[in-house]
Amino acid sequence: MVRRPWMDVTIKAALIGAAVLVYLDLKAEIRSVRVDLGTRIDRLETRMGTRIGRLETRMDRLETKVDGLETKIDEVRGHFRFEMTEPNENPPPTDVNQ
C-alpha cells in the first residue's frame, strides 16, 4: 500500500490540533484550580483573622483579670505587712479569755 502525502499531512495536522486542544484544556483547568485555591485561601485567611481577633480579645480580658488579681494580692500583702509592723491596740481574742 502506497502512502499518500495528503494523508500524512492530514494525520500530522490532526495530531497537532489535538495537542493544541489538550494544552488549552489543561491551561483552562489550571487557571480554574488556581482561582479556586485563591478563593479558598482568602476564606481561610478571613476565618483565621476572625479567630485571632477573638483570641486577642480573650487574652485582653484575661490580662485585665490577672491585673485585678495581682492588685488584690498586693493589697493583702500590704495589709499583712502593716499588721506585722504596727502594734494592734486591741488584744487578740485569745488574750481576752485569759
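**Charge pairs and patches along a helix**

Modeller: Gladly! Arg-40 and Asp-36 are separated by about one helical turn because they are 4 residues apart in helix α1. Helices here are DSSP runs (H or I, at least four residues; strands are E, at least two), numbered from the N terminus. This is a predicted model, where local features need pLDDT of at least 70 and side-chain atom pairs count only at pLDDT 80 or more, while totals for chains, interfaces and linings use all residues. Residues are numbered from 1 along each chain as its sequence is written, and side-chain values use heavy atoms, with hydrogens and water left out.

Biologist: What makes Arg-40 and Asp-36 a salt bridge?

Modeller: A salt bridge is a side-chain nitrogen of Lys or Arg within 4 Å of a carboxyl oxygen of Asp or Glu. The closest N and O atoms of Arg-40 and Asp-36 are 3.5 Å apart, so the pair qualifies. Side chains of opposite charge can pair when their charged atoms come close.

Biologist: How many salt bridges does this rule give?

Modeller: The count comes to 2. Arg-77 pairs with Asp-74, with the closest N and O atoms 3.7 Å apart. Arg-77 and Asp-74 both lie in helix α1, 3 residues apart, about one turn of the helix.

Biologist: Why is Asp-74 called partly exposed?

Modeller: Buried means under 20% relative accessible area, exposed over 50%, and partly exposed in between (1.4 Å probe, protein chains only). Asp-74 has 46%, so Asp-74 is partly exposed. Arg-77, at 41%, also counts as partly exposed, and so does Asp-36 at 34%.

Biologist: Why is Leu-21 called exposed?

Modeller: Its relative accessible area is 59%, so Leu-21 is exposed.

Biologist: What makes a patch?

Modeller: Its residues have over 30% relative accessible area and no salt bridge; like charges are joined within 9 Å, and nonpolar side chains (Val, Leu, Ile, Met, Phe, Trp, Tyr) within 5 Å.

Biologist: Which residues gather in the patch of negative charge?

Modeller: Glu-56, Asp-60, Glu-63, Asp-67 and Glu-70 do. Glu-63 lies in helix α1, which covers residues 5-85. With a relative accessible area of 49%, Glu-63 is partly exposed.

Biologist: And which residues make the patch of positive charge?

Modeller: Arg-43, Arg-47, Arg-51, Arg-54, Arg-58, Arg-61 and Lys-65 gather there. Arg-43 is found in helix α1.

Biologist: How many helices and strands are in the protein chain?

Modeller: There are 2 helices and 0 strands. Buried residues make up 0% of the 98 residues in the protein chain.

Notes
Areas by Shrake-Rupley, 256 points an atom, 1.4 Å probe, with all protein chains shown as cover. Lys, Arg positive; Asp, Glu negative; His and termini not counted. Charge placed at Lys NZ, Arg CZ, Asp CG, Glu CD.
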